[in-house]
Amino acid sequence: MTGLLTVVGLGPGGPAHRTRAAEDAVRDAQVVLGYHAYLAACADLTGPHQSVVPSGIGAEQQRAGDAVRAAAGGARVALVSSGDAGIYGMASLALTTATALPPTRRPAVRVVPGITAAIAAGALLGAPLARDFACLTLSDLLAPWEAVETRLRAVAAADLVLALYNPRSQGRSWQLHRARDVLAEYRPGDTPVGLVTDAGRDGERVELVTLATLDPARAGMHTVVIVGAADTSRLGTWLVTARSLGARS
Ligand code: SAH
């Protein structure tokens, strides 16, 4: 008998930004797996009747395999990610792993959406994502930097508002410097930029700068960087992208 694997996006931080479906999936699970910080983010939903299985930040393939195996064995399993599980999260790995099993052993898989960091940051900044925008990760752990930079240039040239995930970590200190320099080839120095750290969590921090004054050292592992497009303005303490394209030209 196969069980059910639910891949759950917990949202950016605390319970206020979690969906009811995400909460139900975690509460109903017999086994809850995830990176330990994400398990901590839903500790109010888990209890001693459940098996809660923490893993390290890098052990994604193993975590997906464990989750799929537990569900294939008949359990109701929740695999938790922060934000949305489909965006730089565990959903694609879980689905790839599950569909590699023969159909008779394959568990049912559901994906429950969550508020991704860009959306949480956009709300804190005002309305920078009012029109077209792109999300890009600056992590070059799963892609060569050349591929990241090619996409960055395409987004910059297309004048899309940009949400940069994974801008910096202890082991990746130069990527945001490089991204800033690349963007500056395409966008003016006074382009508004918002740095949002720990959106929806304790220690939430919002900083408004420009492309010219962006200090990469102000970003960390829990920061998402929103870079404006030509139609994005700073209005007092808000970042606002015009609803009509070309409104300022
Ligand atoms: N699945 C997650 C993203 C995981 S990648 C989501 O949908 O949000 C990890 C990156 O997401 C971090 O480096 C940071 O850029 C961003 N991030 C995640 N949570 C955040 C938060 N609460 N505040 C700001 N940025 C966050």
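# Close-up views of a predicted model

View 1. Strand β1 (residues 4-9) runs parallel to β4, and six bridges hold the pairing. To find one of these spots, look for Gly 9: its bridge partner in β4 is Ser 81. Strand β2 (residues 31-35) also runs parallel to β4, this time with three bridges. Here the pair to pick out is Leu 33 and Leu 79, which stand opposite each other, with Leu 79 on the β4 side. As a reminder, strands of a sheet pair through backbone hydrogen bonds, in either a parallel or an antiparallel sense.

**View 2. Helix α7 keeps its buried residues on one face.** Helix α7 covers residues 175-184, and its buried residues are Gln 175, Leu 176, Ala 179, Val 182 and Leu 183. Look down the axis of α7 and these buried residues fall within an arc of 120°, so they line one face of the helix. The general rule behind this kind of picture is that an α-helix has 3.6 residues a turn, so residues three or four places apart point the same way. What lies over the buried residues of α7? The cover includes α6 (145-157), β8 (161-165) and β11 (223-227).

View 3. Zoom in on Leu 162 and, once its neighbours within four places in sequence are set aside, its contacts are Ala 134, Leu 136, Leu 152, Val 155, Leu 183, Val 225, Ile 226 and Val 227. In general, nonpolar side chains in soluble globular proteins tend to be buried together.

**View 4. A three-stranded open sheet, β6-β13-β12.** The strands line up in that order, and the pairing is mixed. Which strands sit at the edges? They are β6 (126-127) and β12 (232-235), each pairing on one side only. Strand β13 (residues 238-241) runs antiparallel to β12, with four bridges between the two. One of the places to look is Thr 232, whose bridge partner in β13 is Thr 241.

View 5. Ile 119 belongs to helix α5 (residues 117-125). Its relative accessibility is 41%, so Ile 119 counts as partly exposed. Skip the neighbours within four places in sequence, and Ile 119 is in contact with Leu 129 and Phe 133. For a sense of scale, Cys 42 is 77 residues away along the chain, and the C-alpha atoms of Ile 119 and Cys 42 are 20 Å apart.

View 6. Tyr 88 is not a glycine, yet its phi is positive, at about 50°. You'll find Tyr 88 in the loop between β4 and α4 (91-99). With 40% relative accessibility, Tyr 88 counts as partly exposed. Asp 159, another residue other than glycine, has a positive phi near 55°. Its place is the loop between α6 and β8. Asp 159 has 35% relative accessibility, so this residue counts as partly exposed.

**View 7. Stepping back to the whole chain.** The protein chain holds seven helices and 13 strands. A compact globule of 249 residues would have a radius of gyration near 18 Å, and the 19 Å of this chain agrees. Along its principal axes, the C-alpha trace spans about 60 × 35 × 35 Å. Buried residues make up 45% of the 249. Of the contacts with a separation of 6 or more, 70% come from residues 24 or more positions apart. The accessible surface comes to about 11,900 Å², and carbon and sulfur atoms account for 56% of that surface.

Technical notes
Residues are numbered from 1 along each chain as its sequence is written. This is a predicted model: local features need pLDDT of at least 70, side-chain atom pairs count only at pLDDT 80 or more; totals for chains, interfaces and linings use all residues. Side-chain values use heavy atoms; hydrogens and water are left out. Two strands pair if DSSP finds at least two bridges between them. Buried means under 20% relative accessible area, exposed over 50%, partly exposed in between (1.4 Å probe, protein chains only). The arc is that of the directions from the helix axis to the C-beta atoms. Contact means heavy atoms within 4.5 Å. The radius of gyration is taken over C-alpha atoms; the globule rule is 2.2 Å times the number of residues to the power 0.38. Accessible areas come from the Shrake-Rupley method with a 1.4 Å probe; for residues, only the protein chains shown count as cover.
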